Amino acid sequence: MTVGIARLTLFIPDSHSLKEKRMVIRRVKDRTRNKFNVAIAEVEDNDVWQRAVLGLALVGNERRFVDSALDEVVRFVRGEAEVVNAEREVQTFSEALATNDLGVKF
């Protein structure tokens, strides 16, 4: 199992109120979620008019798939809003490390 996470910082120059910002962010989140089936949420700067930080997560079977999907998501969001910073991390978990809450391998 491979998990990919990303943190995207957006600049929204045409936003002059929180209401306008939320409309833009809602559109970006909905379109991204529908196109890529990823978990996405605004995670910081909720009360700043022209800046938003989005966090997203994606799970897949192969690292190559997750890397590629994250690349596509970032490219897509760049088409929707101005991305000023993009951070990402991909973590692979092997079956040998899988245990339940009691520490028993399954």
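Colleague: Leaving aside neighbours within four places in sequence, which residues is Lys21 in contact with?
Modeller: This is a predicted model, and Lys21 is found in its helix α1. Once neighbours within four places in sequence are set aside, the contacts of Lys21 are Ile12, Ser15, Glu42, Asp45, Asn46, Asp47, Val48, Trp49, Arg51 and Ala52.

Colleague: Is Lys21 buried or exposed?
Modeller: Buried means under 20% relative accessible area. Lys21 has a relative accessible area of 1%, so Lys21 counts as buried.

Colleague: What separation do the C-alpha atoms of Lys21 and Gln50 have?
Modeller: Lys21 and Gln50 are 29 residues apart along the chain. Their C-alpha atoms are separated by 6.7 Å.

Colleague: Is Thr9 buried or exposed, and what is its relative accessible area?
Modeller: Thr9 lies in strand β1. Beyond four places in sequence, Thr9 is in contact with Arg51, Ala52, Val53, Glu82, Val83, Val84 and Asn85. Thr9 is buried, and its relative accessible area is 5%.

Colleague: Which element supplies the largest share of the largest nonpolar core?
Modeller: The largest nonpolar core has 24 residues, and those with the most contacts inside it are Leu10, Leu56, Leu70 and Val77. At least two residues of this core come from each of β1 (2-11), α1 (18-36), β3 (51-60), α2 (63-80) and β4 (82-92). The largest share is seven residues, and its source is α2.

Colleague: What angle do α1 and α2 pack at?
Modeller: In α1, the residues Arg27, Val28, Arg31, Thr32, Lys35 and Phe36 meet Glu72, Val73, Phe76, Val77 and Glu80 in α2. By class, this contact has five nonpolar, one polar and five charged residues. The crossing is right-handed. The axes are 10 Å apart, and the packing angle is about 145 degrees.

Colleague: Which residues form the aromatic pair, and what is its geometry?
Modeller: The structure holds one aromatic pair. The pair is formed by Phe36 and Phe76, with 5.5 Å centre to centre and 70 degrees between the planes. Planes over 60 degrees apart count as edge-to-face, so the pair of Phe36 and Phe76 is edge-to-face.

Colleague: How many residues apart in sequence are the parts that this pair ties together?
Modeller: Phe36 and Phe76 are both buried. Phe36 lies in helix α1 and Phe76 in helix α2, so the parts tied together by the pair are apart in sequence by 40 residues.

Definitions and conventions: Residues numbered from 1 in each chain as written. Predicted model: local features only at pLDDT ≥ 70, side-chain atom pairs only at ≥ 80, totals over all residues. Heavy atoms only, no water. Core = buried A, V, L, I, M, F, W, Y, C linked by side-chain atoms within 4.5 Å. Buried < 20%, exposed > 50% of the residue type's maximum accessible area, 1.4 Å probe, protein only. Helix = DSSP H or I, 4+ residues; strand = E, 2+ residues; numbered from the N terminus. Phe/Tyr/Trp six-rings, centres within 6.5 Å; stacked < 30°, edge-to-face > 60°. Axes fitted to C-alpha atoms, helices over the stretch in contact; angles between N-to-C directions. Left-handed = near helix turned anticlockwise from the far one by under 90°. Contact = heavy atoms within 4.5 Å. Nonpolar A, V, L, I, M, F, W, Y, C, P; charged D, E, K, R; others polar.
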